Amino acid sequence: MNRAMTKLPPGKMRLSGVARMERNWGILFALPAILGFFIFVLGPIIAALVFSLTNWSIGSDMEFIGLDNYRTMVAEDTLFTKSLFVTVYYALGSVPLGIVISFAVAMLLNQKVRGLSIFRTIYYLPVLVPTIANSMLWLWLFNPDFGLLNSILDSAGLPKSQWIYDEGTAIPSLILMSTWGIGNAAVIFLAGLQGVPGHLYEAVEIDGGGALRKFWHVTLPSMTPTIFFNLVMMIIGTLQVFDQAYVMTNGGPNNATLFYIFYLYRKAFTETHMAYASAMAWVLFLIIMALTALVFRSSRFWVYYEGEGRS
Amino acid sequence: MKKRRIWVVLLLALCLALVAAACGNNNTSTTNTSNTVKDDAAVKETVTEPSKDPVTLSFMYWGSAFEKEAVEKMIKAFEASHPHIKIKGEHVPGDFTTKINTLMATNELPDVSYLGEGLALKWGAEGKVLDMTPYMDLYPALANRLPQTYYNYAPGKTIGTNTAAEIITMYYNKDLFTEGGVELPPTDGASAWTWEQFLETAMKLTKDNKGNTAIDAAFDPENIVQYGISFPTWWGGWYPFLLSNGADLTNEDGTKYAMNSPESIEVFQKLQDLMYKYHVAPTATQQQNMPATNVRLQTKKVAMAIDGQWALLDFASTKMNFGMGVLPKFKEPKTIILGAPTVIFSSTKHPEEAMEFYVYHNNPEQVDLFKQGLWMPLEEKYYTEQDAIDSWINNEAHPAEYKEAVIDYTVKYAEQSPSYDLKNFAEIDPKIGAALDKLWTNKEPAEKVLNDLEKEVQPLLQGKYSNE
């Protein structure tokens, strides 16, 4: 985008031959993605909006019922509220924890030590493990009777936990598990860290600042765009959490892990209430939109881009 | 100018490719129906004419790889004896409900299919599933099945029966009974254990790591190595006892929640006590991490296990001295019949051929799964006529007690599970399951759980199909 802009003299509408060619080819190459978006994303999104205004249940006839689905959701469906609460609880736990841990891991991976590439591989590896395998693995770790986690607690003289099998500890357990998959965020942070200009560190050194000052006054401000990006991606990702409930807990015990999307899935495909599920999808869409917008708006107060002043 | 032309040509080519792809897609999914439309006229003639045009039926089913093998064998045999019918069997190992819902939404349903009870009845009432009532005279093998196995979406209107019959039964490791000097569970429903007898036996068979049983004063509930009993925490594990104690999920016509009746509370409290008061049953959490029933018994983790009759199949691979007995009772001896139905969708173009296949696909003479212990037959004669009984239980898979403990018990004491009749059960069941988690994890006593559950379940009650 920036490159194209610099090629265009401002105010001049006629494109040069090369620019026009580049534009055309650019659009052409992007066409699969553009068409894909319109056919497979935008189409279903609009269809879902229409369905959400009906009482369509698979196999039955459809009638328009206006905003009834939305009203039921808010006024009557206790599980809707519960699933929203559970999901927000999970997000509030796993997003900050994920940011802090992946940032810390990235800092460590940015050190000059022997075998660095091995460490980087190890920390990224869990991302490559399919979620199902990942979940099965954690089911063993969480096993209250002979799981590794309880063995560790036991040998440290601490009381054992029921982990995902207890209403109270189920979500914290899954939050703990989520920290295992921070590889992606860590790699992005790592890339960000390597882009922090070295002369700023030198400046701190010349002024006699230590590691803490370097971190606080150089690393952190320079990393805010990366933190911002990871934050947005993580919020969107965690609000759509599904696999753990599907594979590990089936939403239990007593709906303690009834994640929003899992409940939506159950409504749609077990209880066949497609219309209601569509309405739920739209509500989540709006929630994520609003949250993302909020984060974006807040970014002007804390995200710093090099070369720009704080605006 | 030239460049622009290339651009346009490319764009057109791309659009063409997309359209072609879309068409191709359509083609594959509709060939079936378009073929069948063509055949339709011909089929109508075949009813009167012996020269039959080929017909292809699609059949969707679930089950283990083991079941898949048996079903494929059955399909081959069917095609051999019915040369004009070809069966396109599709085994769906994963989320069957999701798949069938999607097919229903896109109108690409198979002709014959296994189907979850809730959907089958709902779609039956909406006319999406074939009403088999008119075919009863034509197929005595369909008409003479166990009365409890019919799924009726309205009085006298049936969409067929279970794929196979199943009941909830009790397995046990005989060696552990001999070891402990305890009397074996009764096999005759009439002499079923009372709850007290059952509890006492379970206590005698529960051992800690020092060899004390739950009856001994020195018994250490923190270090149990062998439990007396394990039972499933889904409705298969407790609904038989509700019936036995004269309780039910709802009132007679399915409009009023009734799981907080004193009889129901008694049942659930006693089940919770097995886990947390007497420590004779593994807790729900422990059970989730336990192996299958046959291995539990074989490895002496439990002495008795309540489970479905279908679990018998697994015992063939477990070399152990096991037996089967009837469930303990509260007031009346009771168990339940359960099992999802096989249905024919009304959208089929070949109802006659589909019916032909329907009565064949779970005929014990054609499918090995009955002899192997996974399925129980549906026709009454397999429960009452000695020759027919021998034909499926006279083998290694079925233990000596089977005739009395399963066959006679089924005929005399098995009632329908709630999924046969209660409307909206597919939505009610998860609510009950979630609330009972509090019971099985000992968070709250039965009375509180069941009273609190009323406000969850009551709004979902829509009556029963038999009351239409």
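Biologist: Is the crossing of H13(A) and H14(A) left-handed or right-handed?
Modeller: Helices are DSSP runs of H or I with at least four residues, numbered from the N terminus. A near helix turned from the far one by less than a right angle gives a left-handed crossing if anticlockwise and a right-handed one if clockwise. For H13(A) and H14(A) the crossing is left-handed.

Biologist: What kind of model is this, and what average pLDDT (confidence in each residue, from 0 to 100) does chain B have?
Modeller: The model is predicted, with local features needing pLDDT of at least 70, side-chain atom pairs pLDDT 80 or more, and totals for chains, interfaces and linings using all residues. Residues are numbered from 1 along each chain, chains lettered from A and ligands numbered from 1 in written order, and side-chain values use heavy atoms without hydrogens or water. Over residues 19–50 of chain B, pLDDT stays under 50. Chain B averages 88.

Biologist: How are H13(A) and H14(A) oriented to each other?
Modeller: Their axes, lines fitted to C-alpha atoms over the stretch in contact, are 7 Å apart at about 160°, on a scale from 0 to 180 degrees between N-to-C directions. Angles over 145 degrees count as roughly antiparallel. H13(A) and H14(A) are therefore roughly antiparallel.

Biologist: Which residues of H16(B) meet H15(B)?
Modeller: H15(B) and H16(B) pack at about 115°, with axes 13 Å apart. Contact means heavy atoms within 4.5 Å. H15(B) contributes Gln386(B), Ile389(B), Trp392(B) and Ile393(B), and these meet, in H16(B), Tyr402(B), Lys403(B) and Ile407(B).

Definitions and conventions. Helix = DSSP H or I, 4+ residues; strand = E, 2+ residues; numbered from the N terminus. Parallel < 35°, antiparallel > 145°, perpendicular 65-115°, else oblique. pLDDT = per-residue confidence, 0-100.
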